[in-house]
Amino acid sequence: MQLSYLPYSLQFIHPFGLSYGTRTKTDVVFVKLECEGVVGYGEASLPPYLGESHESVIDFYKKAIPILSSYNLDCNPNELLAVIDELVPNNNAAKAGIDIALCDLLAKSRNQTVYDYFGFKKPGPKSTSVTISIGDLNLISQKLDEFSGFNILKIKLGHEDDKRIISTIRQFSDKPMVVDVNQGWTEKNKALEMIKWLEDKNVLFVEQPMPKENLTDMAWLTSHSTLPIIADESFKRLSDLDTVKNCFSGINIKLMKCTGLFEAVKIIKAAKKEGLKINLGCMTESSCAISAAAQISSEVNWIDLDGPLLIKNNPFAGVTYNSGEVLLSNDVGIGAKPVEVLNFN
Ligand code: MG
């Protein structure tokens, strides 16, 4: 199979532009994998804090191209992806780009959707959470109006005025919300006090309340909390599951963290066996990677797949949004295709 790639920048559309600080774009690399006349597409999304860039992804793909060229549609994908994984440590988004394209290619070659390919149920329409950026509290009602078509709010906390933020939102909306603390609560008793305060505020779960390495306090907090506590920064890949399974109520799976769909499916199966809850999240991603994630959404408790809503130059069509729910296209593979001419290298 033949890999080609296209570095690209997704421009943010959000009129307030506050969720992302001063950033106006996220770099991605699109992947095209061709074999025996079948074409698969993938995407690596590269928010700067994860340390991958156009250059690092292209370097990685230059190493992967000769390996991929010796495989065809009869390949064992787990074996192939293990070889790709061992090329260089980390580079998880770059690996996810290859994985998504491979999954798209193999499912299409069998005329299957990705959910068929993995033997999962067809995902029905599912409500996604949508991030409401905070910034100026006087703008909250305006922002809530802007996302009035959505059913679940995602609010980033971890600041001095957390209670004021939630109280302000609750003046205007009683929709269920998920709270992402991004490791922002550093003292366990204060964290528990906040969680108790949130208990009657229609909160579905609290994501990564404390620093990722502080697992002892996380385990204590989870055992005392009535709200589910979900690992995000503490959890990347399947190999992290043993470490976090006793410290959290569940995990946040993102394709860009876990190297893609094949590993995400393994994580889902293992996490369910452990009785862990699962949120399926995303980075800033186009409809390519988001459609791929949506294919496995029947297997998880919650989804946070709002990526395409935040960008103005989405070169793929795939999932659509209706009344706050994510709907799959009827196409095979990941269910996404380019809507403009993309000149892959
Ligand atoms: Mg998070």
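**Stop one: H6 and H7**

Select helix H6 (residues 162–172) and helix H7 (residues 188–198). They pack at an angle of about 10 degrees, and their axes lie 11 Å apart. Axes here are lines fitted to C-alpha atoms, for helices over the stretch in contact, and angles run from 0 to 180 degrees between N-to-C directions. H6 is therefore roughly parallel to H7; angles under 35 degrees count as roughly parallel, over 145 as roughly antiparallel, 65 to 115 as roughly perpendicular and the rest as oblique.

Now show side chains. On H6, pick Asp162, Lys163, Ile166 and Ser167; on H7, pick Glu193, Met194, Trp197 and Leu198. These residues make the contact, meaning heavy atoms within 4.5 Å. By class, the H6 contact with H7 has four nonpolar, one polar and three charged residues. Ala, Val, Leu, Ile, Met, Phe, Trp, Tyr, Cys and Pro count as nonpolar, Asp, Glu, Lys and Arg as charged, and the others, Gly among them, as polar.

A note before moving on: this is a predicted model, where local features need pLDDT of at least 70, side-chain atom pairs count only at pLDDT 80 or more, and totals for chains, interfaces and linings use all residues. Residues are numbered from 1 along each chain as its sequence is written, and side-chain values use heavy atoms, with hydrogens and water left out.

**Stop two: H1 and H3**

Select helix H1 (residues 54–68) and helix H3 (residues 92–109). The angle is about 40 degrees, with the axes 10 Å apart. That makes H1 oblique to H3. From H1, Val57, Phe60, Tyr61, Ala64 and Leu68 meet Ala93, Ala94, Lys95, Gly97 and Ile98 of H3. By class, this contact of H1 with H3 has eight nonpolar, one polar and one charged residues.

**Stop three: the eight-stranded sheet**

Next, the parallel sheet. It is open, with eight strands in the order E5-E6-E7-E8-E9-E10-E11-E12. Helices (H or I, at least four residues) and strands (E, at least two) are DSSP runs, numbered from the N terminus. Two strands pair if DSSP finds at least two bridges between them. The edges are strand E5 (129–132) and E12, each pairing on one side only.

Start at E5. Four bridges join E5 to strand E6 (residues 152–156) in the parallel sense. Ser129 has Ile152 in E6 as its bridge partner.

Strand E10 (residues 250–254) pairs with E11 over five bridges, in the parallel sense. Asn252 is bridged to Asn279 in E11. Stay on Asn279: its bridge partner in E12 is Trp302. E11 and strand E12 (residues 302–303) pair over two bridges, again parallel.

Is strand E11 (residues 277–281) enclosed or open? Four of its five residues are buried, so E11 is largely enclosed by the rest of the structure. Buried means under 20% relative accessible area, exposed over 50%, partly exposed in between (1.4 Å probe, protein chains only).

**Stop four: H12**

Select helix H12 (residues 287–294). Eight of its eight residues are buried. Among them are Cys288 and Ile290.

**Last stop: the three-stranded sheet**

Here the pairing is antiparallel, in an open sheet ordered E4-E15-E14. Its edge strands are E4 (126–127) and E14 (320–322). Three bridges join E14 to strand E15 (residues 325–327). Finish on Tyr321, whose bridge partner in E15 is Val326.
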